[in-house]
Amino acid sequence: MFQIPVPNILDNLKNGSHKKIKGTVVLMKNNVLDFNDFHASVLDRVHEFLGQGVSLQLIGGDSSTGSQGKLGKVAYLENWIGTLGPVTAGDTTFKVTFDVEGDIGIPGAFVIRNNHHSQFFLKTVTLEDVPGAGQILFVCNSWVYPASKYKKDRIFFANKTYLPSDTPLPLRKYRQQELEQLRGNGTGELEEWDRVYDYACYNDLGDPDKGSKYVRQTLGGSSEYPYPRRGRTGRPPTRTDPNCESKIPPVDLLRLDIYVPRDERFGHLKMSDFIAYALKSLAQSVKPALQSKFDKTPNEFDSFQDVLNLYDGGFPMPEGLFKDVGDKIPLTMFKEIFRTDGERFLKFPVPQVIKEDRTAWRTDAEFAREMLAGVNPVTIRRLQEFPPASKLDPNVYGDHRSTIREEHIKNNLDGLTVHQALKDNRLFILDHHDHFMPYLRRINETDNRIYGSRTLLFLKSDGTLKPLVIELSLPHPDGDQFGCTSKVYTPAEHGVESSIWQLAKAYVAVNDSGFHQLISHWLNTHAVIEPFVIATNRQLSVLHPVHKLLHPHFRDTMNINAQARQILINAGGILESTVFPGKYAMELSAVVYKNWVFPDQALPTDLLKRYKTFRLNDSSSLYMIEYRVFLAPLSNSPYALAECRGVAVKDANSPHGVRLLIEDYPFAVDGLNIWSAIKTWVTDYCSFYYKTDYMVQQDIELQSWWKELVEKGHGDNKNEPWWPKMQTLDELIESCTIIIWTSSALHAAVNFGQYPFAGYLPNRPTVSRRYMPEIGTPEYEELKTNPDLAFLKTITAQLQTVIGVSLIEILSRHASDEVYLGQRDTPGWTSDTKVLEAFERFGKRLAEIEDSIIHMNNDGRLKNRVGPVKMPYTLLYPTGEAGLSGKGIPNSISI
């Protein structure tokens with residue numbers, strides 16, 4: 001029988017030490033946030049009327065009162081029924097009064113029970129005039145579901161920071177209990193109210209129940225296809241393959257109901273929920289409808305003006321598309337995805353790369369500049385031997401030595417010999433040969449026509465790069481063991497040779513686009529960070545300083561990755577449909593992951609590293625970085641070699657301790673400034689809590705965190721000797737700096753430039769459909785008579801362009817409530833004054849960096865900052881603007 005709680009007056013009268021502590025609770029009601037749950041408000045009020053309210057109990061956190069943590073009396077949120085929340089998503093404030101009898105000490109935590117029908121988002125609880133403490137703030141930012149959904153009541157801690165050994169005795173069992181809840185038991189399908197963080201391999205990409213066309217390799221758990229781990233969902237296996245996880249039901253996909261811990265899901269107030277819905281709509285409704293319509297019409301752009309019409313006047317929509325799609329997604333959503341004007345046009349914002357000049361993207365200068373200041377500025381490296389060498393195993397792949405010779409480039413080296421140019425660090429390479437060649441035979445059996453490519457560039461005296469030569473290679477027609485066939489192309493400005501050179505650059509751009517999406521972007525940011533998110537929540541208490549440091553940099557990452565596995569990178573997903581590796585895309589990224597090295601993700605190390613190889617046995621290879629030596633089984637090849645950069649040298653007299661060999665390298669210049677600011681902040685923060693290396697070694701949570709991260713999160717690489725041992729403060733600082741850099745600045749650099757640079761797809765095509773025309777063929781004659789049409793028939797087709805541009809427009813947008821580097825969504829995120837002062841210094845340093853970027857972008861001597869397209873490099877501006885701003889560093893990988 002339900003009873004309405006009433007104050008126990010007799011107890012109050014006979015208790016001489018009776019005190020009252022008043023508090024304020026800020027939350028967001030679910031009925032305000034979820035427009036599909038209108039009845040929640042009514043049911044919650046019924047529960048409230050029947051005495052099933054929201055209760056809180058204080059937990060004493062003062063060791064002087066004993067080691068058990070005394071529980072205070074139950075208190076209830078006041079006037080739930082009479083408190084009207086906002087009509088739109090927003091905060092509702094409630095009062096709560098705690099009757100404190102006896103001495104429970106200073107509250108260090110509280111227990112909350114939600115006896116209502118529906119969940120709510122608990123933001124903060126603030127206690128006022130607490131004896132001996134004054135104001136106490138509890139920063140919660142968590143969904144609280146009905147108590148019946150939990151095995152144990154929810155616990156929230158005061159805004160204090162404690163190493164495990166410093167935790168007050170009364171709170172220790174609660175600290176451990178909370179971590180146990182977050183780890184789960186490793187079994188069963190997880191529900192939306194579960195708060196479990198656990199690991200799984202990428203066995204959810206395929207959908208074998210739909211047929212062999214949708215079978216995909218499991219990534220992770222094997223030496224052949226190693227991979228970082230993802231969050232476990234516990235979904236049952238497919239009917240046809242017990243090792244493959246089943247897809248979520250269509251009704252759940254419609255609601256974006258893919259399991260990640262509830263607090264990891266997109267917040268209702270951010271535009272990312274809308275973006276996620278747009279992604280789902282694009283995948284489920286618009287793409288099939290476009291496919292069916294375009295299949296009935298020529299799938300080609302007839303001219304560059306046809307392409308420009310996507311942005312200028314719009315593109316005629318296939319007949320009947322609006323009717324087909326309109327029943328499935330709202331009109332406003334349809335217009336948002338395609339910027340439609342009624343039923344006639346698909347219209348997109350003008351990408352920055354063509355905003356000021358419609359043809360400058362075709363210049364050699366811009367082609368080269370984007371390797372330093374484009375959307376993939378992390379792949380170019382210094383050429384260290386000529387001709388370029390291959391690291392592919394000749395016993396398997398034959399001879400892949402480059403066919404580029406001195407006569408191809410000697411007349412374009414400003415009077416230098418090749419030897420002098422190498423010695424003077426003036427030669428650079430964009431190398432997309434080795435990582436694609438093993439897959440080209442299979443890829444080219446589809447509708448794609450892809451080459452392996454090597455592009456050599458010369459550093460001119462004005463600091464810009466000049467393309468010298470492009471080598472395009474195909475697997476030997478007689479078999480892989482015979483090596484490859486290659487052709488070399490040099491710059492030309494007139495006649496058919498000029499058109500051939502433009503096509504050669506396009507093939508390189510296709511390769512760079514694929515590598516960017518799969519490796520620079522997805523693998524090296526999204527995928528490698530997810531295990532850190534999981535391990536941090538499983539092993540580091542919210543009271544732990546490292547948890548407080550890293551938590552903002554994990555916002556929404558698990559959620560966007562889960563969405564991607566269902567919509568983008570899955571079998572038949574949008575990525576496979578628009579980027580050339582197709583069905584082999586994710587498998588190829590797993591092969592590249594074999595060469596991923598955690599310490600090398602530090603920007604200075606990435607810019608510095610130089611590798612040398614030594615011939616060993618078939619099971620391992622020794623490679624040496626100029627400043628470190630590692631022994632690592634990179635692959636089965638005796639020539640295994642990770643990508644090297646070598647675009648900087650150590651220099652104690654230079655800022656950040658390194659000197660760039662290309663001084664006007666916008667990504668690296670801005671990136672080093674951001675890296676240094678992050679590292680200074682992390683140093684100040686970690687040094688406040690850890691005074692000695694011994695404290696790092698004795699931190700049981702920290703050691704468990706790192707052990708699990710290495711052995712489970714990146715378990716396929718667990719035996720690599722390059723992992724930091726986490727025995728010193730320096731190792732902790734460097735590791736946390738890498739995590740924050742990767743989650744914030746690196747992701748911003750490779751994500752938010754997608755639409756500004758690639759929204760005009762001829763600049764960065766994702767597919768090539770024809771080989772280079774040969775003399776005497778109809779394609780060659782077309783290239784001579786109508787080079788623009790030949791170019792457009794070679795690169796991404798009309799349908800793929802519309803879908804691809806729609807996708808990257810969505811992915812390139814900043815959320816309206818984005819939290820940028822140097823900001824926190826809760827001002828009182830820590831109670832430690834010295835830490836807040838250090839964080840303020842961090843913010844001021846970032847503001848100075850932003851000012852310096854603006855100054856450099858206005859310096860006409862720095863030609864790579866703006867380039868022929870008149871597009872300033874702004875991707876590493878610390879702050880940004882909502883939408884397609886092309887600038888700003890969010891704290892986390894949130895899209």
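## A buried histidine

His714 is buried, at a relative accessible area of 0%. The model is a predicted one. His714 belongs to the loop that runs between helix H23 (700-713) and H24. Neighbours within four places in sequence aside, the residues in contact with His714 are Pro228, Val528, Pro531, Phe532, Tyr593, Trp596, Leu709 and Trp723.

## An aromatic cluster

Ring pairs join Tyr202, Tyr227, Phe532, Tyr593, Trp596, Phe598, Trp705, Trp706, Trp722 and Trp723 into a cluster.

## Aromatic pairs

A pair of aromatic rings is described by the distance of the centres and the angle of the planes. The structure holds 37 aromatic pairs. One of them is formed by Trp675 and Trp741, with 6.2 Å from centre to centre and 80 degrees between the planes, an edge-to-face arrangement. Trp675 is in helix H21 (residues 666-689) and Trp741 is in helix H24 (residues 729-751), so this pair ties together parts that lie 66 residues apart in sequence. Trp675 has a relative accessibility of 4% and therefore counts as buried, the cut-off being under 20%. Trp741 is buried as well, with a relative accessible area of 1%.

Phe688 and Tyr689 make another pair: their ring centres are 4.9 Å apart and their planes stand at 90 degrees, so the pair is edge-to-face. What is the exposure of Phe688, buried or partly exposed? Phe688 is partly exposed, with a relative accessible area of 28%. Tyr689, at 10% relative accessibility, counts as buried.

## Charges over rings

The charged end of Lys149 sits over the ring of Trp193, at 3.9 Å from the ring centre. For Arg824, the charged end sits over the ring of Trp829, and the distance to the ring centre is 3.7 Å.

## Helix H29

Helix H29 (residues 833-857) consists of 25 residues. From its first C-alpha to its last, H29 reaches 36 Å, close to the 36 Å expected at 1.5 Å a residue.

The buried residues of H29 are Val835, Ala838, Phe839, Phe842, Leu846, Ile849, Glu850, Ile853, Met856 and Asn857. These buried residues pack against H21, the helix in which Trp675 lies.

Conventions. Residues are numbered from 1 along each chain as its sequence is written. This is a predicted model: local features need pLDDT of at least 70, side-chain atom pairs count only at pLDDT 80 or more; totals for chains, interfaces and linings use all residues. Side-chain values use heavy atoms; hydrogens and water are left out. Rings of Phe, Tyr and Trp (its six-membered ring) pair if their centres lie within 6.5 Å; planes under 30 degrees apart count as stacked, over 60 as edge-to-face and the rest as tilted. Helices (H or I, at least four residues) and strands (E, at least two) are DSSP runs, numbered from the N terminus. Buried means under 20% relative accessible area, exposed over 50%, partly exposed in between (1.4 Å probe, protein chains only). A charge sits over a ring if NZ of Lys or CZ of Arg is within 6 Å of the ring centre and within 35 degrees of the ring normal. The expected span of a helix is 1.5 Å times one less than its number of residues. Contact means heavy atoms within 4.5 Å.
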